[in-house]
Every structure is written in C-alpha cells, then in structure tokens.
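Please look over the model below before reading on.

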Amino acid sequence: AKSLGRARYHLFDPDMHKQAIELLDLENDLRRAVERQEFIIYYQPIVRLSTGKIAGFEALVRWQHPTRGLILPTDFIPAAEEMGLIYPINTWIFKTVCQQLHIWQQDCRFPTNITISVNLSARLFSNHNLISIIDNIIYQTEVNPANIELEITESVIMENNDTVKNMLQQLKQRNFKLVIDDFGTGYSSLSYLHSFPLNSLKIDKSFVKIMQENQENMGLVPAMIGISHSMGMQAIAEGIETPEQLAQLRSLNCDLGQGYFFSKPIQHELIPQFLYTDFCW
Ligand code: C2E
Ligand code: CA
Ligand code: CA
Ligand code: CA
C-alpha cells in the first residue's frame, strides 16, 4: 500500500507532470516534423590532411522548428530513436543527401571522387528492409554508391551479429564505403573490427580534444591511427579546432580530418566555394 501511495504521489508530482507534457509535446512535434519535412541538412567539409584538398562532406541533420528555431541532432535524434521515428527521419536524410549528390554530379566541374558521409542510426539495422530501401533510393536518385560513406557506430558491430554482418557485406557489395564513427567510445573488440568490411575509422573528437593535455592521453590517438592503418583502413579525425591539433595529426599520418578549424557545418549553397579552394598550412 505504501509503494502504491508513493507511485500515486509521483503521478501528481508537478515536475514529472511537466516532464511528461514536454515529452508528449516533443513526440507530437516530431511526428509533425516528419510529415512536413521540417529537417535540413548541413554539410561539414572533410579534408585530406596530406594535401589540404576537400575529400568530401559529412551530412549533419538539423530540425527547423517552427517556433523554437534550429534544433541540433543531439536534442532530437535520441528521442526519435526512442519514439520509433528514426526510421522515417533517417531515410529522409539519406534520400535528400542522394538527391543533392545527384545534382552535384550533373555539374561537370564537380570532382568525381568527392564523397558524402551519412550517419546511419544503429536502430536502422534491426529493420530487415534496410537494404531494399537503400537500393530503392539509389535506383531513384541514380547516384553512385562509391561516392557515399555510411557512418555507423561501434554498437552496430559490437554484437557481432550475423544478420548485421550480412547487411554490411551487402552494402559493401554495392560499393558503399563503411566508416566506424566515434571510434574509441564504444568498447568494440579489435578482433570484431577485423571481420567487418570497413574502409575507415573516425576518431571521436573527445580524443582529439585531450590529445595534447598530458603524456597518457598523447598515446591514444597515435594508437588509433596505427590500428586503422594496420587493418588497411584510413583514419579520420573529427573535432580539429586548432592549428596545433592539425599539425600533430599530420605528423601522425592521420589521413583525413574535419572540424571548426576548417569549417563549421554549412548549408549546401556554400559548398561550391569550398570545392575549388584547397586549405594550405
Ligand atoms: P557525429 O556524427 O559525431 O558528428 C560530429 C559532430 O561534431 C557534429 O555535431 C558536428 O557539428 C560537430 N563538430 C564538427 N566539428 C567540430 C569541432 O571542431 N568541434 C566540436 N566541438 N564539434 C564539432 P552535430 O551536427 O550536432 O551532430 C551531433 C550528432 O548527431 C552526430 O555526431 C551524429 O551522431 C548525430 N547525427 C547528426 N546528423 C545525423 C543524421 O543525419 N542521422 C543520424 N542518425 N544521426 C545524426
Ligand atoms: Ca558522424
Ligand atoms: Ca563522430
Ligand atoms: Ca561524436
């Protein structure tokens, strides 16, 4: 009886009530956002560190909320995953990116080797239709999968699940490039990594940030770059903000990098001005 009383008390706790209302608002808002396609893609340049040339762009979604303004993905992607809305949102993102890529590829000045990276939520891999939906979008938009990098987190491969492995093999067969995002944050076993058809490891920005702090932290980034290279993969560093970080990553032979030092994520209209200017240092 006592615990029931407690529960009833909580039900009328004004804070919880407020939280519940906010959650309900967010859910309604997100459903409407999906219907009305209130999302927009920003693109962040990815630079080849040996040459300063643009290698590609990462597509990063934002929500243009009618009253609250631009909302960052960390404030709605986790909620969308919980509410089962990540599937329509992430497929909209993938399709929009492919449409954009198709437009660029019609322009003969557009470098043929530029890639666009798309983040795929781990949740998508529990849907057995994922591959056929991707196939459909590729067919409709007529883009070459070789120009698309799919970023997945370590959690996707951590279970070492045969169905997921099979899906990744199928994506690989279609010539998509596969990247492990936020590498180092998800405890993936190195022996697992070996058995997946991966092209690159993206070193999480938290490691780049602490790289120059002390002797212990110093060793992590070179180790991760070494792991990438020993497995025949490229290393990508994210969150490069300072010339010192860039210089250090270059001296470690890190292949690619992105971060505010080069550019914040930008709207697609600004991409052409990035394409034809190399970074120099
Ligand atoms: P992420 O994939 O690790 O993306 C990198 C995040 O770091 C982006 O935040 C980017 O704006 C930010 N960033 C880039 N350069 C710097 C820098 O120099 N310093 C710092 N401090 N931050 C930098 P954003 O755009 O807020 O995205 C956050 C996360 O939301 C992404 O992390 C990704 O996990 C998720 N996300 C973004 N777009 C999508 C999407 O289209 N689909 C899915 N499923 N998730 C997405
Ligand atoms: Ca990413
Ligand atoms: Ca990342
Ligand atoms: Ca991250």
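The numbered points below go through the ions, the ligand and some of the residues around them.

1. Basis of the values. This is a predicted model, in which local features need pLDDT of at least 70, side-chain atom pairs count only at pLDDT 80 or more, and totals for chains, interfaces and linings use all residues. Residues are numbered from 1 along each chain as its sequence is written, chains are lettered from A and ligands numbered from 1 in the order in which they are written, and side-chain values use heavy atoms, with hydrogens and water left out.

2. Calcium ion (ligand 2). Glu-58 (OE), Asn-119 (OD1), Glu-151 (OE) and Asp-181 (OD) coordinate this calcium ion at 2.1 to 2.3 Å. Donors here are N, O and S atoms within 2.8 Å of the metal, or 3.2 Å for Na, K and Ca; water is not among the atoms, so sites may look incomplete. Along the chain, the donors of ligand 2 have the spacing E-x60-N-x31-E-x29-D. Distant parts of the chain are linked in this way: Asn-119 belongs to strand S4 (residues 115–119) and Asp-181 to strand S6, 62 residues apart. Helices (H or I, at least four residues) and strands (E, at least two) are DSSP runs, numbered from the N terminus.

3. Are Asn-119 and Asp-181 buried or partly exposed? Asn-119 is partly exposed, at 24% relative accessibility, whereas Asp-181 is buried, with a relative accessible area of 7%. Buried means under 20% relative accessible area, exposed over 50%, and partly exposed in between, with a 1.4 Å probe and protein chains only.

4. Calcium ion (ligand 4). Which residues hold this ion? Asp-182 (OD), Asp-204 (OD) and Glu-238 (OE) are its protein donors, lying 2.5 to 3.0 Å from it. The spacing of these donors along the chain is D-x21-D-x33-E. Asp-182 bridges ligand 4 and ligand 3, two calcium ions that lie 3.2 Å apart. Asp-182 is partly exposed, with a relative accessible area of 24%, and Glu-238 is buried at 8%.

5. Polar contacts of ligand 1. A nitrogen atom of the ligand is 3.2 Å from a polar backbone atom of Val-61, and a polar side-chain atom of Asn-90 lies 2.9 Å from a nitrogen atom of the ligand. On the oxygen side, a polar side-chain atom of Asn-119 lies 3.2 Å from an oxygen atom of ligand 1. The protein covers 85% of the 800 Å² of accessible area that ligand 1 has on its own; accessible areas come from the Shrake-Rupley method with a 1.4 Å probe, and for residues only the protein chains shown count as cover.

6. Asn-90. This residue is in helix H4 and is buried, with a relative accessible area of 5%. Its side chain reaches the backbone oxygen of Asn-119 at 3.1 Å and the backbone nitrogen of Ser-121 at 3.1 Å. A polar contact is a pair of N or O atoms within 3.5 Å; within protein, one must be able to donate a hydrogen and the other to accept it, and residues adjacent in sequence count only if both atoms are side-chain atoms.

7. Leu-60. This residue is placed in strand S2 and is buried, at 17% relative accessible area. Leu-60 and Asn-113 are 53 residues apart in sequence and 20 Å apart in space, C-alpha to C-alpha.
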